[in-house]
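Subject: Structure for your review

Dear colleague,

Please find the structure below, together with its sequence. My notes on what was found in it follow, and I would be grateful if you read them with the model open.

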Amino acid sequence: FIQFARMINQDLIDISSDKHILIRFIGNANKPLKPSQPAPVDTSYGIMKVDILPGNIGYLKFNYFPPGSDEQARTKYGNVFTYFKSASAIIIDLIDNFGGNTQMEAYLCSYFFSGPPRHLWDGYYRPGDTIYKFYTEKDIDGIRHADIPVYVLTSSGTFSAGEAFAYDLQAQKRAKIIGEITGGGAHATAAF
């Protein structure tokens, strides 16, 4: 069954060119899963490296966007941007960022704008026939960096919310994007 699910998954990706499509075989839905061991707790919230580079340039590499409602994640990123309080520019490294939570994507964009919340993008949820809107947030942890240059590093592996983050900052003329063309999946998804 696992191999069959992989074959269907690849066919759907080939037909749709949507790399978010994923069909996964999870076994008998009526049989409870037996955990082998507790999952490790991730306290990095995707953050791989934080540094001040020569020339007083803040550098942040993170590989995914944690849940936007996670207050500890917001505090952790707030601490990073406070650490950059006297930076003359910021580099955001998304080369290995595979995406994650869209609410956190909008929240992190908030660090690069001042003033009222700024509209970033709209999405459509077909089952509920509703449109949802994403804006930067007025209240954030840490310090904003609305007036210094921002550079976003990308690769072909930059995907989903990582790609949306790069696009949002570029479209708002707030960052210069440097690197490869991203993976092609800057849209929200849902599991069924």
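**The sheet and its strands**

Strands β2 and β3 run parallel and are joined by five bridges. The model is predicted: local features need pLDDT of at least 70, side-chain atom pairs count only at pLDDT 80 or more, and totals for chains, interfaces and linings use all residues. Residues are numbered from 1 along each chain as its sequence is written, and side-chain values use heavy atoms, with hydrogens and water left out. Helices (H or I, at least four residues) and strands (E, at least two) are DSSP runs, numbered from the N terminus; two strands pair if DSSP finds at least two bridges between them.

Between β1 and β2 the pairing is antiparallel, over six bridges, with I47 opposite F62 of β2. As background, strands of a sheet pair through backbone hydrogen bonds, either parallel or antiparallel.

Together these strands belong to an open sheet of five with mixed pairing, in the order β1-β2-β3-β6-β7. Its edge strands, each pairing on one side only, are β1 (47-53) and β7 (176-179). From one strand to the next, the twist averages 20 degrees (axes are lines fitted to C-alpha atoms, for helices over the stretch in contact, and angles run from 0 to 180 degrees between N-to-C directions).

**What covers the sheet**

How many residues of strand β3 (residues 89-93) are buried? Five of its five are, where buried means under 20% relative accessible area, exposed over 50% and partly exposed in between (1.4 Å probe, protein chains only). In a regular strand the side chains alternate between the two faces of the sheet. In β3, A89, I91 and D93 lie on one side and I90 and I92 on the other, and both faces are covered. Helix α4 (residues 161-171) lies across β3, β6 and β7, at about 145 degrees to β6.

Helix α3 (residues 102-109) is largely enclosed by the rest of the structure, because six of its eight residues are buried. These are M104, E105, A106, Y107, L108 and C109. Their cover includes β2, α2, β4 (119-125), β5 (130-135) and α4.

Not counting residues up to four places away in sequence, L108 touches F62, F65, Y77, F81 and F165; contact means heavy atoms within 4.5 Å.

**A buried loop residue**

Finally, N63 lies in the loop between β2 (57-62) and α2 (71-83). N63 is buried, with a relative accessible area of 15%. Leaving aside neighbours within four places in sequence, N63 is in contact with G46, M48, D96, N97, F98 and G99.

Yours sincerely
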